[in-house]
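Subject: Structure handover

Hi,

Here is the structure I promised to pass on. My notes follow below it.

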Amino acid sequence: MSSENQLVFLPLGGVGEIGMNLGLYGMGPEDDRTWLVVDFGVSFAGPELPGVDLVLPDIRFLQEERSRIAGIVITHAHEDHYGALPYIWNLVEAPVYATPFAAGLLEAKYGVDGEQVDIPVTIVNQGERLNIGPFDVELLTMTHSIPEPCGLAIRANGQMVVHSGDWKIDPTPGVGKSMDMERLRELGEEGVDALICDSTNAVRDGVSPSEAEVQAELTRIIKEATGRVAVTTFASNVARIRAVAEAAAAAEREIVVVGRSMLRVIEVAKELGYLDGLPPFRDEEAYGHFPRDKVVMICTGSQGENRAAMARIAADNHRQIALTSGDTVIFSSRTIPGNEKAVNTVINSLVSQGLKVITDRDALVHVSGHPRRGELDQLYNLLKPRKVIPVHGEALHLACHKDFALSKGVKDVKIIKDGDMVRLAPGPLQVIDEAPVGIMVRDGDLLMLPEEAGVQERRKLSFAGTVVVSLAVSSKGELHGDIDVVLFGIPEFNRDGDPFEDLVHEAVYGAVISIPKPRRKDVDLVTEAARRAARYAVVEHWGKKPLCRALVRKV
């Protein structure tokens with residue numbers, strides 16, 4: 001066991017995947033490290049987790065080390081960086097440090113999307129420097145698709161690590177400060193020992209367009225529109241909300257806000273002055289009072305979420321809002337991988353109603369908040385890192401980022417995975433240990449491991465249905481009464497026209513009768529025989545393996 005002071009990095013989420021970011025920096029000897037937690041994010045469930053609302057990181061390791069956690073720093077207020085706090089912060093109860101916007105959104109979530117928890121948050125600002133345990137943490141002013149994004153310069157034991165957070169270079173970000181390039185250059189001159197850096201757009205050459213260019217295009221489209229205009233975007237993108245509002249004003253249109261999360265973000269942004277100088281935002285009740293050519297609606301639902309405003313409008317079941325042929329809908333967003341089908345369903349519904357739909361394939365109505373290779377090049381030139389660990393990306397993104405770092409002359413570049421504990425210093429990058437990683441799921445009001453949520457059974461139900469048989473045996477081992485068969489999600493008849501219910505009934509009856517009477521007193525034996533028979537009958541006549549349950553009682 002090493003007794004030397006080591007600086008280590010341990011991701012519990014966000015490496016090899018996009019979302020659920022949770023990184024740990026540890027300082028001290030192997031048996032007595034103090035931990036700094038960076039971000040506490042969630043991701044969203046795909047079709048492999050039917051019924052699940054949120055996916056959260058498994059924080060068993062943090063729970064074991066909770067007495068050694070100096071604090072949790074939130075880099076910015078996107079769900080994949082801070083969204084787990086309302087649900088699992090109580091498992092560690094460490095102090096939280098966040099900027100005013102992130103703290104405001106977190107407070108707005110209490111009791112709405114999360115639990116009624118009292119999380120102690122220390123408000124910090126971009127550019128501030130503070131001590132958290134043995135860590136000297138400087139909040140670097142970055143630019144991203146949300147107000148107040150921070151990178152971190154983490155100093156400990158004579159080393160400096162830069163944790164980039166999510167970022168891009170945008171000299172005209174719309175709201176908030178531009179990236180502090182001069183401060184990054186100064187850090188590079190001081191000496192950056194390691195860079196832990198966003199890889200999301202490392203596959204793309206060039207430089208990302210600016211929010212100002214998006215605003216110009218939105219203004220043009222809205223001015224040229226003849227009917228109503230609806231814009232859907234990420235609720236957290238305050239710069240985009242401001243751009244839409246300014247475009248509406250330039251076209252002499254009123255701006256109407258639809259969607260709870262959009263309203264929540266706007267209230268916090270207003271309190272912090274990010275929406276100063278704009279005409280008033282109208283609520284959805286005012287929508288019908290404006291002429292068609294005098295209104296712009298901004299709403300939630302850019303990812304096709306079936307309960308969000310845009311999906312309900314597309315299905316014509318929103319109680320206040322309707323669109324008609326000749327109106328324009330702008331998707332000022334990108335489709336997150338996995339949401340393509342839901343988004344296309346909404347778009348097709350809108351188009352079939354005669355609406356004009358504009359996406360980022362048609363016009364510059366969205367830009368990413370992550371750096372392309374041209375921006376990575378600028379950052380590397382400023383920081384001149386000696387070691388690099390690519391994070392925030394899937395395998396392809398991480399590999400492309402590694403190749404880029406090597407092309408910039410960085411000799412020590414390491415691709416890791418969630419759970420790898422990497423020694424940053426002293427010495428070269430090296431995986432020295434592993435921590436348990438995985439996921440927890442938020443399922444309704446419950447938080448649990450996936451296997452406890454019955455997710456595997458739900459998947460089986462969606463593919464091959466279920467069979468339930470119920471019967472009773474007497475104390476003498478005789479069948480008592482009828483065998484009941486209930487089928488869910490299974491065809492009514494087989495290819496010969498025989499009812500599946502009858503086929504299962506006959507199979508179960510035959511299996512039970514074939515058991516000698518004395519052995520039928522064994523309820524477990526009869527239960528398993530009935531279950532196997534029911535399952536085999538369906539497999540034989542359908543070719544699929546349903547979920548089967550047998551209920552046997554002794555009378």
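Is Glu93 buried or exposed, or does it count as partly exposed? Glu93 counts as partly exposed, at 48% relative accessibility. Buried means under 20% relative accessible area, exposed means over 50%, and partly exposed lies in between (1.4 Å probe, protein chains only).

First, the ground rules. This is a predicted model, in which local features need pLDDT of at least 70, side-chain atom pairs count only at pLDDT 80 or more, and totals for chains, interfaces and linings use all residues. Residues are numbered from 1 along each chain as its sequence is written, and side-chain values use heavy atoms, with hydrogens and water left out.

**Overall**

The chain has 555 residues, and buried residues make up 55% of them. It holds 15 helices and 27 strands. These are DSSP runs numbered from the N terminus: helices are H or I with at least four residues, strands are E with at least two. Along the principal axes, the C-alpha atoms fill a box of roughly 85 × 75 × 45 Å.

**Salt bridges**

Side chains of opposite charge can pair when their charged atoms come close. The structure holds 33 salt bridges. The cut-off is a side-chain nitrogen of Lys or Arg within 4 Å of a carboxyl oxygen of Asp or Glu.

Back to Glu93. Its side chain meets that of Arg66 in a salt bridge of 3.4 Å, N to O. This pair links distant parts of the chain, 27 residues apart. Glu93 sits in the loop between α3 (85-88) and β6 (96-98), and Arg66 in the loop between α1 (60-64) and β5 (69-73). Arg66 is partly exposed, at 36% relative accessibility.

Glu65 and Arg68 also form a salt bridge, at 3.4 Å, N to O. Glu65 counts as buried, at 15% relative accessibility. Arg68 counts as partly exposed, at 28%.

Helix α5 (residues 181-190) holds Arg185 and Glu182. The two form a salt bridge, with the closest N and O atoms 2.1 Å apart. They are separated by about one helical turn, because they lie 3 residues apart in the helix. Arg185 is partly exposed at 30% relative accessibility. Glu182 is partly exposed too, with a relative accessible area of 39%.

There is also a network of salt bridges. It links Glu138, Arg155, Arg183, Glu186 and Glu190.

**A negative surface patch**

Asp482, Asp484, Asp496, Asp498, Glu501, Asp502 and Glu506 form a negative surface patch. Patch residues have over 30% relative accessible area and no salt bridge; like charges are joined within 9 Å, and nonpolar side chains (Val, Leu, Ile, Met, Phe, Trp, Tyr) within 5 Å. Asp and Glu count as negative, Lys and Arg as positive; His and the chain ends are not counted.

Which helix gives the most to the negative patch? Helix α14 (residues 500-513) does, with 3 residues. Asp498 lies in the loop between β26 (484-488) and α14. Asp498 is partly exposed, with a relative accessible area of 33%.

**Backbone points**

Ala425 and Pro426 are joined by a cis peptide bond, with omega about 0°. Pro426 is in the loop between β21 (420-425) and β22 (430-434).

Met20 is not a glycine, yet has a positive phi of about 55°. Met20 lies in the loop between β1 (6-13) and β2 (22-28). Met20 is buried, with a relative accessible area of 3%.

His392 is not a glycine either, and its phi is positive at about 50°. Its place is the loop between β19 (387-391) and α12 (395-407). His392 counts as buried, at 4% relative accessibility.

**Two more spots**

Ser302 is in the loop between β16 (295-299) and α9 (309-314). Ser302 is buried, with a relative accessible area of 3%. A polar contact of 3.3 Å joins its side chain to that of Gln303. Such a contact is a pair of N or O atoms within 3.5 Å; within protein, one must be able to donate a hydrogen and the other to accept it, and residues adjacent in sequence count only if both atoms are side-chain atoms.

Ala249 is in helix α7 (residues 238-250). Ala249 counts as partly exposed, at 35% relative accessibility. Ala249 and Pro279 are 30 residues apart in sequence, and 7.3 Å apart in space, C-alpha to C-alpha.

Best wishes

Note on methods. Accessible areas come from the Shrake-Rupley method with a 1.4 Å probe; for residues, only the protein chains shown count as cover. The place of a charge is taken as NZ of Lys, CZ of Arg, CG of Asp or CD of Glu.
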